[in-house]
Amino acid sequence: VTLSGKISKAATFNTSGVKSADTAEDLNGHGTHVAGVLVGSSGSTKIGGATGATLLVARVFDAGGSSSSVTRAAGGIEWALDPDGVTSTDDGADVISLSLGESAANTTWKTYVDSWITTYNVPIVAAIGNDGPGSETTESPGNVPNAIGVGAVDASDVITAFSSRGPVSWS
């Protein structure tokens, strides 16, 4: 998969959600996989869903790629929505795509997602998790009511056994 020329800006965020670098090295391949699904190509074959788009890449996981936090992820998302810190310019993301999650219905994620959608008028598309096939196994932020939750399907467009499923209960 080629991502050459597809990344317009990149940044890494520390545990406090503060930008710590102007680069975003993918140390375990998950971010590159997700970027390929979004905008990738292989030679002249377009394999991503939006091959004409460019990415603002925020690394919000630790060096092992297994640990993050809502605070760290929120720092990266807020940077992607407004990378220059001047809300009057239109240099931020048109869509936020998240392949991360936290179990159950997390009200902190709901507050953030609702605020970002209201402030930036940008859709939040997020994974619902890989904890299926049982019911009520979705993760936040993908299960937040105003987010667009995405599960996994196989090559035949059938929901995979590992894909999380609803319903979701919010008070």
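## Salt bridges in the predicted model

A salt bridge is counted where a side-chain nitrogen of Lys or Arg lies within 4 Å of a carboxyl oxygen of Asp or Glu. The structure considered here is a predicted model.

## Asp-91 and Lys-9

Asp-91 is paired with Lys-9, and their closest N and O atoms are 3.9 Å apart. Because the cut-off is 4 Å, this separation of 3.9 Å qualifies as a salt bridge.

Asp-91 has a relative accessible area of 24% and is partly exposed. Lys-9, with 36% relative accessibility, is also partly exposed.

## Lys-19 and Asp-22

A further salt bridge connects Lys-19 to Asp-22, with 2.8 Å between the closest N and O atoms. Lys-19 is partly exposed at 40% relative accessibility. Asp-22 reaches 57%, and it therefore counts as exposed, since that class begins over 50%.

## Lys-110 and Asp-114

Within helix H3 (residues 107–120), Lys-110 and Asp-114 are four residues apart, about one turn of the helix. Their side chains meet in a salt bridge with an N to O distance of 2.8 Å. Lys-110 is partly exposed, its relative accessibility being 26%.

How values were computed:
Residues are numbered from 1 along each chain as its sequence is written. This is a predicted model: local features need pLDDT of at least 70, side-chain atom pairs count only at pLDDT 80 or more; totals for chains, interfaces and linings use all residues. Side-chain values use heavy atoms; hydrogens and water are left out. Buried means under 20% relative accessible area, exposed over 50%, partly exposed in between (1.4 Å probe, protein chains only). Helices (H or I, at least four residues) and strands (E, at least two) are DSSP runs, numbered from the N terminus.
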